[in-house]
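Colleague: I am new to this structure and would like to go through it by question and answer. Please show it to me before we start.

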Amino acid sequence: MFISSTVSVPETLKTPCHIAIIMDGNGRWAKKRFLPRIAGHKKGVEAVRGLVRAAIERGISYLTLFAFSSENWRRPPDEVSLLKGLFLGALEQEIDELHKNNIRLKVIGDISGFGARIESLVASAEKRTIENTRLTLTIAANYGGRWDIMRAACAYFRAHPNVLRAPDDSEIRPEMIEPYLATSDLPEPDLFVRTGGEKRVSNFMLWQLAYTELYFTDTLWPDFDARALDDAIASYQQRERRFGRTSEQVQATRTAKTASAVDTAS
Ligand code: IPE
Ligand code: IPE
Ligand code: MG
């Protein structure tokens, strides 16, 4: 019988440890103001700065932001090139500040698509900030969930070629490929947020979102501020994360934990 890897139920904390966000709505934000789309993207970068601050103040340890999907290459070349320029500018200008604030920067996605300059800036920023512990800020750039899973599966089987020679598949378990995912050193997201009103995941972290609480808001990304983040967290705090169990089981576990905490304290 196949038993899910979620058989060990993660602990649910009041504040989400890891929030993953699809930052959508920059174009519409600009259009509403009769501005070019790039003005929305620029304002979006400002929103990222504010959100990083807000996340730290709220004790969030991991923030993952979808900045450019593997499908965004389909956009007009001008927009793609301006987005690349904004990414490059942010890498050049923000790293000192991130480092000063004890923030680790990580980039997931096939960044070779952005050229050598961005690739080398990413590598040096990741190396410089790797020991930082206050917040891990992960930027998903030229990232696709299918790409991530496909790449992880290939890497796993390349490292374990004998598995394919086994007589059946019973030895293969989903968690075996997890160490090969781009997010292998991050916990799974507790809370997913998509701004901009669309209710889809657009090929973002398909594997990792299996048990994440989903939150959709009409707020456009440039308007997503600390208060909007609090609304998302408040919604998360009202959820009951069952991970396949019944509500009664969840309550019983909670009661047992409270009792043992009281025992330890007395
Ligand atoms: C999200 O905003 C930013 C990127 C995808 C790079 P959009 O550019 O998708 O904004 P809308 O959806 O057109 O409003
Ligand atoms: C998702 O937004 C990708 C990012 C925010 C980087 P899109 O605007 O590209 O998503 P779709 O095309 O509406 O699904
Ligand atoms: Mg969009």
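Colleague: Which pocket is the space taken by ligand 2?

Modeller: The model is a predicted one. In this model, the space that ligand 2 takes up is the largest pocket.

Colleague: Which element gives the most to the shell around ligand 2?

Modeller: The residues surrounding ligand 2 include Phe66, Ala67, Phe68 and Ser69. Strand S2 covers residues 62-69. With four residues, the element that gives the most to this shell is strand S2.

Colleague: How many residues of the shell around ligand 2 are charged?

Modeller: Among the residues surrounding ligand 2 are Asp24, Arg75, Arg194 and Arg200. The shell also has five nonpolar and three polar residues. The number of charged residues in it is four.

Colleague: What is the distance from a polar side-chain atom of serine 202 to an oxygen atom of ligand 2?

Modeller: Polar side-chain atoms of several residues lie by oxygen atoms of ligand 2. For aspartate 24 the distance is 3.2 Å, and for arginine 194 it is also 3.2 Å. For serine 202 it is 2.6 Å.

Colleague: How much of the area that ligand 2 exposes when taken alone does the protein bury?

Modeller: Taken alone, ligand 2 exposes 390 Å². Of that area, the protein buries 79%.

Colleague: Where does ligand 1 sit?

Modeller: The residues around ligand 1 include Met23, Asp24, Ala67, Asn72 and Arg75. Those around ligand 2 include Met23, Asp24, Ala67, Asn72 and Arg75. Ligand 1 sits in the largest pocket.

Colleague: Which helix gives the most to the shell around ligand 1?

Modeller: Helix H1 (26-32) and helix H2 (37-57) are the elements that give two or more residues to this shell. Asn26, Gly27 and Arg28 are among the residues around ligand 1. With three residues, the one that gives the most is H1.

Colleague: What is the distance from an oxygen atom of ligand 1 to a polar side-chain atom of arginine 28?

Modeller: A backbone N or O atom of glycine 27 is 2.9 Å from an oxygen atom of ligand 1. For an N or O atom in the side chain of arginine 37, the distance to a ligand 1 oxygen is 2.8 Å. For arginine 28 it is 2.7 Å.

Colleague: Does threonine 133 count as buried or exposed?

Modeller: Threonine 133 is in the loop between helix H4 (116-129) and strand S4 (135-143). Its relative accessibility is 64%, and the cut-off is over 50%. Therefore threonine 133 counts as exposed.

Conventions: Residues are numbered from 1 along each chain as its sequence is written. Chains are lettered from A and ligands numbered from 1 in the order in which they are written. This is a predicted model: local features need pLDDT of at least 70, side-chain atom pairs count only at pLDDT 80 or more; totals for chains, interfaces and linings use all residues. Side-chain values use heavy atoms; hydrogens and water are left out. A residue is near a molecule or strand if one of its heavy atoms lies within 4 Å of it. A polar contact is a pair of N or O atoms within 3.5 Å; within protein, one must be able to donate a hydrogen and the other to accept it, and residues adjacent in sequence count only if both atoms are side-chain atoms. On a 1 Å grid over the protein atoms alone, a cavity is a set of points where a 1.4 Å probe fits but cannot get out, and a pocket is an open set with protein on both sides within 12 Å along at least five of seven lines; lining residues have an atom within 4 Å of a point. A molecule sits in a cavity or pocket if more than half of its atoms lie within 2 Å of its grid points. Buried means under 20% relative accessible area, exposed over 50%, partly exposed in between (1.4 Å probe, protein chains only). Accessible areas come from the Shrake-Rupley method with a 1.4 Å probe; for residues, only the protein chains shown count as cover. Ala, Val, Leu, Ile, Met, Phe, Trp, Tyr, Cys and Pro count as nonpolar, Asp, Glu, Lys and Arg as charged, and the others, Gly among them, as polar.
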